[in-house]
2 protein chains.
Amino acid sequence: MDIEAFALSIGHRYARPELLRRALTHRSHGASNNERVEFLGDSVVNCAVALELYHKFPDLTEGELSRLRANLVNQQSLASVARRFDFGAQLLLGEGEVKSGGARRPSILADAVEAVIGAVFLDAGFEAARRVVRTLLGDAIDAIDPASSGKDPKTLLQEHLQGRRMALPQYAVVATRGEAHEQLFEVECVVPELNIRSLGAGTSRRSAEQEAARQAYELALGN
Amino acid sequence: MDIEAFALSIGHRYARPELLRRALTHRSHGASNNERVEFLGDSVVNCAVALELYHKFPDLTEGELSRLRANLVNQQSLASVARRFDFGAQLLLGEGEVKSGGARRPSILADAVEAVIGAVFLDAGFEAARRVVRTLLGDAIDAIDPASSGKDPKTLLQEHLQGRRMALPQYAVVATRGEAHEQLFEVECVVPELNIRSLGAGTSRRSAEQEAARQAYELALGN
C-alpha cells in the first residue's frame, strides 16, 4: 500500500502530504520527526473521544467518562488500531529500529496513531481530525459496554469462561525480542475448549498477556 | 453584571444560554451541574492550548511544549483567569458553599472556567471554543518566556530580587477559612524595598504563597 492509499484508508485526503510523512517518521530516522505533532495529536484524540463519549453516554458521571476514555486511549489500544490499519508498513524508522523490530513496538505504533491524527488537525482542522478519530476508534467506541469497561481483558476473559463453566485460559511467553531496556514480549493465550489461540505483544509480560487476552475475549464473544 | 454581559466579556454569544448556566452551576447546587461539561472543557482547553503553543514555538520539543502547557493549564492559573473575568459572581452554588466562600475557592473557579469553555464547544464547535480560550488565556500565552516557564513564582521572585541585591520577600498567613478538609489559606507576600504587598489564596499554604508570589513578581516586573 502506498502512502496515498494509506491516507485514504484512514479517511483523510491530506492537502499537505508532507504532514502525513512527518507524522509517520520516528525520531530514530532523523531530526524532522513526529514528536511535536504527536504532542498535538494526543490532545486532539482525547478531546474528540471526550466529545463522542459525552454525547453517547448522557447518564454517566465525569469520573465514568474519564475511565471509559482511559480504556480507549492508551498505548495498548492505539497500538492495536495501528496494527489493524497497518501503520507499521508506513513508518520511517532509523536503521537500528528497523532491525530490532521497531515497526511492531507498541509505543512507536501508538505514537504514530496520535501523530497522524495531529497531522490531520494541522492539515484541515478539528472536524477533519474528529472524523479520522471516528474511522480509527469508532469500532472501539461502539463496542463500549459501560458495565464492563473498568475491567481488564484478562478479568473479562476469565469471567466469561467461568460463566460458561470452562477451564481457565493458559498464558505462555512464546518470544522475547529486543535489548534488555526495550524488550518486547509475545504471549500466547490458549482457550482449549473454544479452540482459541491468540498472540499478544507488549513491553512487559503483563501487558502482552492483557493484549492476548483481549484478542481471545473478542474471539470468545464471537463464538 | 448579568449573565449575557458575562458571556460577551468572555467573547461568545451562546445560541443555547442554558449551556452557560449549567456550566456555572456547581454540584452543591443540584443534580444538573457542570461536572460532565467540565470533563469536556478540560480536554478542549488542553487541545486549544497545545495548538497555540505548537505554532508559537516551532523550535521547542514536545517535552518543553508539555511543560509550558502544564504551567498555563492548572488549577492556580485557571482560578486566576476566573478572578480576572469575575466568574465568582456568576456561580450557582449550594447554600453551604455560598456561606463557606465557595465562590472564591480555586478548585471551584478553575472547574467553572473549563466548564464554560466546554459549553462553548457544545454550543458552537471547536473554533468557537478556541477563540474563547484565546480571550481567557491569551495574555498568559503571550507572556510566556520559555526560559523562565519551568520555574515557580516564588523562585522567580526570589531570583529577581537577588539580582537587584534586595532583601528576600516575606510570607505570612493572614487568614484561613472553611472546614478542615477544604481549607482556604490567604497568604500575604511583602517586598519592603519595592513597597509591594500582595495577597494569594490557595487550598494549601504553599499554593497560597505561590499565588501571592506570582502577583508580587508581576508588580516587581512593572516597577
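I count two strands as paired if DSSP finds at least two bridges between them. Helices (H or I, at least four residues) and strands (E, at least two) are DSSP runs, numbered from the N terminus.

**Ground rules.** This is a predicted model, and I take local features only at pLDDT of at least 70 and side-chain atom pairs only at pLDDT 80 or more, while totals for chains, interfaces and linings use all residues. Residues are numbered from 1 along each chain as its sequence is written, and chains are lettered from A and ligands numbered from 1 in the order in which they are written.

**Sheet, chain A.** I looked up the strand order first. Three strands make an open sheet in the order 1-2-3, with antiparallel pairing. Strand 1 (170-177) and strand 3 (196-202) are the edge strands, and each pairs on one side only. Strand 1 and strand 2 (residues 184-191) of chain A share seven bridges. Within that pairing I find Ala172(A) bridged to Glu188(A) of strand 2. Strands of a sheet pair through backbone hydrogen bonds, either parallel or antiparallel.

Strand 1 (residues 170-177) and strand 2 (residues 184-191) of chain B run antiparallel, joined by seven bridges. Val173(B) stands opposite Val187(B) of strand 2. The two strands form a hairpin with six residues between them. In the turn, Gly178(B) has a positive phi of about 80 degrees.

The pattern along the sequence is α-α-α-α-α-α-α-α-α-β-β-β-α. How does the radius of gyration of chain A agree with that of a compact globule? For 223 residues such a globule would have a value near 17 Å, and chain A has 18 Å, which agrees. The radius is taken over C-alpha atoms, and the globule rule is 2.2 Å times the number of residues to the power 0.38. The C-alpha trace spans about 55 × 45 × 30 Å along its principal axes. Of the 223 residues, 44% count as buried. Buried means 20 or more other C-beta atoms within 10 Å of a residue's own, exposed means 12 or fewer, and partly exposed lies in between; C-beta atoms are placed from the backbone.

**Domains.** The assignment for chain A gives domain 1 (3-142) and domain 2 (153-222). Such bounds come from an automatic or database domain assignment. The domain centres, over C-alpha atoms, are 24 Å apart. Seven residues of domain 1 and nine of domain 2 make the contact. Contact means C-beta atoms, placed from the backbone, within 7 Å.

**Chain A against chain B.** Each chain puts 17 residues into the contact. On the chain A side, helix 3 (35-56) and helix 4 (62-72) are the elements that give two or more residues. Helix 3 gives the most, with twelve. By class, the chain A side has nine nonpolar, four polar and four charged residues. Ala, Val, Leu, Ile, Met, Phe, Trp, Tyr, Cys and Pro count as nonpolar, Asp, Glu, Lys and Arg as charged, and the others, Gly among them, as polar.

I looked at one helix pair here. Helix 4 of chain A packs on helix 3 (residues 35-56) of chain B at about 35 degrees, with axes 8 Å apart. Glu62(A), Leu65(A) and Ser66(A) meet Glu35(B), Arg36(B), Glu38(B) and Phe39(B).

**Helix 5, chain A.** Buried residues of helix 5 (residues 75-84) include Leu78(A), Ala79(A) and Val81(A). The buried residues of helix 5 pack against helix 7 (106-124), helix 8 (126-142), strand 3 and helix 10 (205-222). Just after the helix, Asp86(A) has a positive phi of about 55 degrees.

**Positive phi in loops.** Most residues other than glycine have a negative phi, and most peptide bonds are trans. Arg165(A) has a positive phi of about 55 degrees and is not a glycine. Arg165(A) lies in the loop between helix 9 (153-163) and strand 1. Is Arg165(A) buried or exposed? Arg165(A) is exposed, because 7 other C-beta atoms lie within 10 Å. Asn195(A) has a positive phi near 60 degrees. Asn195(A) sits in the loop between strand 2 and strand 3. With 9 C-beta neighbours inside 10 Å, Asn195(A) also counts as exposed.

Terms used
Contact = placed C-beta atoms within 7 Å. Axes fitted to C-alpha atoms, helices over the stretch in contact; angles between N-to-C directions.
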